[in-house]
Amino acid sequence: MLKDRTLEDDYRSWRESHPPHNRDWDFTTLSGEEIAPLYSPLDIADESYTRDVGFPGQFPYTRGIYANMYRGRLWTMRQFAGFGTARDTNRRFHYLLSQGMTGLSVAFDNPTLMGVDSDDLRALGEVGRTGVAIDSLADMEVLFEGIPLDRVSTSMTINAPAAIVLAMYVAVGEKQGVPAGQLTGTLQNDILKEYIAQKEWIYPPRQGVKLVVDTIEYTAQHMPKYHPVSISGYHIREAGSTALQELAFTMADGLSYVDASLERGLDIDSFAPRLSYFWNSHIDFFEEIAKFRAARRLWARLLKEKYGAKNPRSWLMRFHTQTAGVSLTAQQPENNIVRTALEALAAVLGGTQSLHTNSMDEVLALPTEKAVEIALRTQQIIAYETGVVNTVDPLGGAYFVEAMTNRMEEGALEYFRRIEELGGVLVGIEAGFFQREIADAAFRYQRELEERRKVMVGVNDFVNDQPIDIPILKIDPEVEREQIRRLQELKRTRDNDRVDRTLAAVRDAAARDENVMPYLLESVRAYATIQEMSDAMKAVLGSYREPAFV
Amino acid sequence: MSEPRLRILMAKAGLDGHDRGVKVVARALRDAGMEVIYTGLHQTPEQVVRAAVDEDVDAIGLSILSGAHMTIFPRILELLREQEAEDIILFGGGTIPEDDLQELKRMGVAELFTPGAYTQEIVEWVRENVGEKAAGGSAAPS
Amino acid sequence: MVTETTEEAAARLVESLLKGNRRAAGRVISAIEDGGDAVEMLMRALYPHTGRASIVGITGPPGAGKSTVVDELIRVMRADGRAVAVLAVDPNSPFSGGAVLGDRVRMMRHATDPEVFIRSMGARGHLGGLALASHNALLALDAMGFSDLLAETVGVGQSELEVAGTADTTVVVVPPGLGDGVQAIKAGIMEIADIFVVNKADHPQADRVVADIRDVLRMDLKRPEWTPPIVKTVATAGEGLEDLWIRIRQHRRYLEESGELERRRRARLEQEIVEIAERRLREQVLRPRTATPEFRAMLTDVVERRMNPYEAAEQIVPKTAAAG
């Protein structure tokens with residue numbers, strides 16, 4: 001006590017002899033949080049090292065989920081890729097693996113993400129544009145041709161039709177002779193953030209969550225090495241949320257999946273170790289690092305203390321990170337290499353398990369091979385040149401970082417209370433709570449940019465008029481025609497009676513409220529298309545209509 | 001009599017769900033005193049044009065971030081012509097490369113805003129280009 | 001366009017509307033919203049063609065799910081072969097300044113159906129009253145040949161009640177879980193309801209709301225012939241809408257057979273004529289006599305107690321003139 005008072009006195013006399021001298025500038029984080037001119041032991045006086053920070057690999061895991069972190073194993077360098085046909089993307093995968101990438105990550109095109117076939121009118125102009133077009137198992141087989149699924153882990157960014165795509169992945173494994181139990185990888189499969197932020201949905205929220213639980217249950221029983229859900233803050237942030245909202249809303253989603261799985265009768269330790277997270281790493285360096293550290297501690301505390309998970313692996317918040325797409329600028333696009341490098345560094349200092357670095361041209365179009373290579377090299381420079389991997393959590397104990405971490409955790413708990421008062425995440429979605437919070441934050445930030453209270457270099461300051469001059473990857477319209485040809489030929493040559501039978505079985509299973517996974521797998525094996533399977537379930541589960549929250 | 005106000009239809013066409021931009025712009029136009037009619041996500045060109053006609057808007061603001069701009073913008077222009085509604089101004093925004101942008105403007109898209117555009121810039125553009133035309137050439141008797 | 005008179009332009013526009021041209025219909029409604037002399041010209045051409053459609057008002061507090069109810073009701077009515085026009089009125093948009101009108105988002109699947117017309121209307125500061133503007137807009141759609149008109153209004157304020165008051169049948173949508181919501185909305189809205197919808201009927205509180213409404217209705221002795229039915233719906237799942245449509249048609253039959261429709265429309269038109277006349281009196285008689293320096297001077301006299309307000313009013317409209 002006496003000592004603390006002395007420190008306070010010292011601080012006060014230091015402050016008085018060095019009065020604050022600020023430039024005319026808003027000293028707030030990207031999310032608008034006030035930042036003090038200096039942090040000292042006074043700011044973390046309430047923090048207990050053993051209770052709140054601890055050693056890496058030990059509860060509450062603030063400093064990292066593994067004792068040795070990157071000294072033991074580097075993060076997985078996983079570049080999200082996908083465009084054109086399955087053949088085009090397969091070629092890009094082989095290239096990336098040959099360049100030292102250590103895991104695959106599939107980007108699907110919009111029609112696939114919405115459970116729409118390439119020959120549907122709604123898909124017009126979008127086939128293979130922002131990801132790879134997958135209509136049936138036939139495309140999936142080509143996508144993974146020459147890639148041994150027992151050795152390469154694959155992350156698949158898909159949500160509303162995630163159960164269908166998981167079934168396709170299992171079926172490709174079968175063709176390669178790899179049993180489901182051997183498959184490793186991650187399915188994004190986080191439908192709640194679709195209603196909140198990314199807006200690629202098919203079924204109403206409750207039914208969407210039912211399908212997520214189906215995959216959690218199925219993988220718990222048959223695919224012990226596979227991560228069925230990647231609870232994603234990335235898209236919430238991209239939609240304009242603050243760092244705190246990203247943390248709080250995403251973790252609230254995660255807890256909803258836990259609750260729904262428990263309701264299904266699953267044991268917490270049978271599935272919690274397979275849940276993982278996916279965060280955004282934005283440009284405000286310390287705010288991001290604090291977010292990652294707070295997320296780890298929150299999840300550990302909630303799983304252990306609130307849910308009573310016994311297996312320490314249930315307490316671990318493993319996460320993938322992607323640098324912030326929205327932080328990139330079309331103006332002076334080369335600057336994006338620098339932004340991405342700093343964001344990637346924050347993710348590494350925050351203890352990520354895997355990382356995607358954006359390419360400098362992604363704000364303009366799909367990345368070119370050259371731009372992807374620079375993005376991958378950025379990770380390699382951080383891993384092999386900077387030395388930040390030599391010690392675990394090098395920023396642990398920094399007054400500012402610890403104080404920010406605590407603030408993040410407290411802010412998230414406050415949001416949890418509000419969400420609970422509303423009646424939970426589903427009610428919050430129906431009432432537009434999250435949507436409005438995010439739209440408000442996005443609007444506020446846009447204002448700050450336009451009033452130049454926040455700066456984006458090359459956009460509202462340090463502008464030059466040079467035309468944007470970097471190569472752009474263009475998707476040949478022929479891709480769409482070729483994909484449609486392939487699909488229509490498939491529909492002619494497959495056993496259509498078998499397709500119809502298996503689709504009817506999917507529908508019946510959905511109507512009986514049974515786990516649809518085994519039935520989807522049968523349909524996939526019969527080469528039913530993604531839209532046929534989606535529609536079969538939609539007939540029973542209904543479809544979602546978005547409420548307008550502007 | 002109530003003051004004639006600009007009516008703008010803000011729409012998302014195609015399958016992408018990125019609505020951050022369209023919502024920010026909708027709010028900015030509202031704050032500038034306009035009536036904004038929002039159609040929501042995942043609309044077909046047919047739905048957008050029909051809504052524009054029924055709502056008798058002065059302009060359509062279309063947001064596309066899916067790469068389908070070279071398909072969707074021309075289709076909407078074509079449908080506007082079919083509905084004898086060419087006087088409804090079509091503008092838009094999204095991730096659109098420079099040469100596509102020039103091509104779309106040649107086809108008749110009045111203006112395109114790319115990432116980084118200020119909402120105030122968009123508001124000003126609407127005031128100058130849509131407002132002027134609406135004031136001078138409205139077919140409504142008044 | 002510049003050379004012809006606005007009268008001719010109005011007639012042409014209405015002619016085009018009567019032929020089913022949606023573009024013309026859209027413009028007629030805009031002109032009605034903009035107000036002014038054009039409205040009278042348009043109504044002159046439109047009015048003989050109106051009076052055929054039935055008008056259903058749908059109102060209720062925010063969050064009740066009205067737009068989804070309307071969307072599903074359109075589906076059911078279309079399956080029954082009706083041509084449906086919807087006016088989504090949002091009086092809560094700021095009185096001056098802009099608005100974002102988003103009610104049609106939930107109805108977009110009907111957007112390409114030629115037998116469906118959806119129009120959004122904000123507050124704008126209609127001096128003639130939002131109720132009059134929205135009613136005139138509905139008349140335009142009536143003239144165009146839509147058999148059934150739905151007027152959706154958000155909220156439970158005075159202007160919503162007025163808009164709802166222009167309908168033949170008023171449906172009040174109530175969500176469960178409002179707490180003392182039924183008490184709160186009782187004033188005004190309970191009296192105008194011809195049909196209640198308890199939406200989100202899968203909610204645990206739904207039956208309580210139904211019971212609450214029943215209690216309130218039991219005390220209502222004013223309507224011996226028609227007791228408002230309570231329909232339970234889950235609009236997001238499409239449940240209960242067929243039932244609602246049956247009730248709407250039953251109410252319509254009751255209105256016609258009992259002569260109540262005639263009485264309601266007559267009363268409404270009487271009120272409308274009086275309102276229009278009152279406004280004209282204000283604008284043509286009162287305003288010229290009050291926007292004068294003499295009036296300002298007289299006001300000062302009243303403020304300084306040299307004259308009382310009655311004496312001042314006598315100067316503007318003499319008692320004998322008002323009576324005669």
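**Close-up views of a predicted model**

View 1. In chain A, strand β1, helix α4 (residues 86-98) and strand β2 form a right-handed β-α-β unit. Right-handed here means that, with the strands pointing away from the viewer, the path from the first strand over the helix to the second runs clockwise. Helices (H or I, at least four residues) and strands (E, at least two) are DSSP runs, numbered from the N terminus. The model is predicted: local features need pLDDT of at least 70, side-chain atom pairs count only at pLDDT 80 or more, and totals for chains, interfaces and linings use all residues. Residues are numbered from 1 along each chain as its sequence is written, chains are lettered from A and ligands numbered from 1 in the order in which they are written, and side-chain values use heavy atoms, with hydrogens and water left out.

Strands pair if DSSP finds at least two bridges between them. β1(A) pairs in the parallel sense with β2(A) (residues 103-107) over 4 bridges, and A:Phe80 has A:Ser105 as its bridge partner in β2(A). With β9(A) (residues 354-356), β1(A) also pairs in the parallel sense, over 2 bridges; there A:Thr76 is partnered by A:Ser354. Because 5 of the 6 residues of β1(A) (residues 76-81) are buried, this strand is largely enclosed by the rest of the structure. Buried means under 20% relative accessible area, exposed over 50%, and partly exposed in between (1.4 Å probe, protein chains only).

View 2. A:Arg129 lies in the loop between α5 (110-113) and α6 (137-143) of chain A. Its relative accessibility is 22%, so A:Arg129 counts as partly exposed. Beyond its neighbours within four places in sequence, A:Arg129 is in contact (heavy atoms within 4.5 Å) with A:Asp109, A:Leu366, A:Ile475, B:Ser66 and B:Gly67.

**View 3. The interface of chain C and chain B.** The contact takes 42 residues from chain C and 34 residues from chain B. About 3,200 Å² is buried between the two chains, and carbon and sulfur atoms give 53% of this area. Buried area is the accessible area (1.4 Å probe) that two parts lose on being put together, summed over both. C:Arg23, C:Met108 and C:Arg124 supply 23% of the area that chain C buries against chain B, more than any other three residues.

**View 4. A salt bridge between chain B and chain C.** B:Arg7 forms a salt bridge with C:Glu33, their closest N and O atoms being 3.5 Å apart. A salt bridge is a side-chain nitrogen of Lys or Arg within 4 Å of a carboxyl oxygen of Asp or Glu. Across this interface the rule finds 7 salt bridges.
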